[in-house]
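Work through the following exercises with the sequence and the structure side by side, and try each task before reading its solution.

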Amino acid sequence: MKVGIVMGSVSDRKVMEGASEILREFGVEHEVKILSAHRTPAALEEWVSGLRQRGFAAVIAAAGGAAHLAGVCAAFTTLPVIGVPIKGRSTEGLDSLLSMVQMPSGIPVACVAIDGAKNAALLAIEMMAITNEELKLKLDNFREMQAAMVLANNEA
Ligand code: RP5
């Protein structure tokens, strides 16, 4: 199964590289697109609408400002959509967070923290790990390594 990553602008790319890195680390195939809810709505609809049939498991959608991208993705698919609000040029990303998280009842978006690309990827992997034992074991290993790294700070 694959994960789709979409972002509203090339200016989001640096933050979203964090999601690609995690997916690569877990060996999860993913496709990255720059598509905008406002600037390229038709191309966005076409891409999102075809994902389930193409074997995708989840969509990660990142945008800043009036961040409608994740919500529009969710309108066009019943795959889980994970939103990443991007910290833009104003309000420290609060505008993006609120635009993304305040979805109308019936069309959910799972929204992570501002610039939370890494957690978005981990959440997508956790969804896939419900039915994928290999990914479940990799997640267990990731958590163990993470805990060991935190605890290592106490040994000096
Ligand atoms: C959003 O507007 C994009 O997702 C980006 O975070 C923000 C600014 O886009 P650019 O003006 O840098 O292209 O749609």
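A residue is called buried when its relative accessible area is under 20%, exposed when it is over 50%, and partly exposed in between. The model used here is a predicted one.

**Exercise 1.** Carry out the analysis for Glu-92, stating its class of exposure and finding its salt-bridge partner.

Solution. Glu-92, too, is found in the loop between E4 and H4, and its phi is near 55°, a positive value in a residue other than glycine. Its relative accessibility is 57%, and because exposed means over 50%, Glu-92 counts as exposed. Finally, follow the side chain, which meets that of Lys-87 in a salt bridge with an N to O distance of 3.8 Å. Lys-87, for its part, is partly exposed at 44% relative accessibility.

**Exercise 2.** Work out how the buried residues of helix H2 are arranged around its axis, and find what covers them.

Solution. First list the residues concerned: in helix H2 (residues 41-49), Leu-44, Trp-47 and Val-48 are buried. Seen down the axis of H2, these buried residues fall within an arc of 90°, so they line one face of the helix. An α-helix has 3.6 residues a turn, so residues three or four places apart point the same way. On the other side of H2, by contrast, Ala-42 and Glu-46 are exposed. The cover over the buried residues of H2 includes strand E1 (2-7), strand E2 (30-34), strand E3 (56-64) and helix H3 (69-76).

**Exercise 3.** State how many salt bridges the model has, and explain what the pair Glu-31 and Arg-54 ties together.

Solution. The count comes to six salt bridges. One of them is formed by the side chains of Glu-31 and Arg-54, at 2.6 Å from N to O. Glu-31 lies in strand E2 and Arg-54 in the loop between H2 and E3, so this pair ties together parts that are 23 residues apart in sequence. Arg-54 is partly exposed, with a relative accessible area of 40%.

Another salt bridge links Asp-140 with Lys-136, whose closest N and O atoms are 2.6 Å apart. Here both residues lie in helix H6, four residues apart, which is about one turn of the helix. Asp-140 is partly exposed at 31% relative accessibility, and Lys-136 is partly exposed at 35%.

Key. Residues numbered from 1 in each chain as written. Predicted model: local features only at pLDDT ≥ 70, side-chain atom pairs only at ≥ 80, totals over all residues. Heavy atoms only, no water. Buried < 20%, exposed > 50% of the residue type's maximum accessible area, 1.4 Å probe, protein only. Helix = DSSP H or I, 4+ residues; strand = E, 2+ residues; numbered from the N terminus. Arc of directions from axis to C-beta. Contact = heavy atoms within 4.5 Å. Salt bridge = Lys/Arg side-chain N within 4 Å of Asp/Glu carboxyl O.
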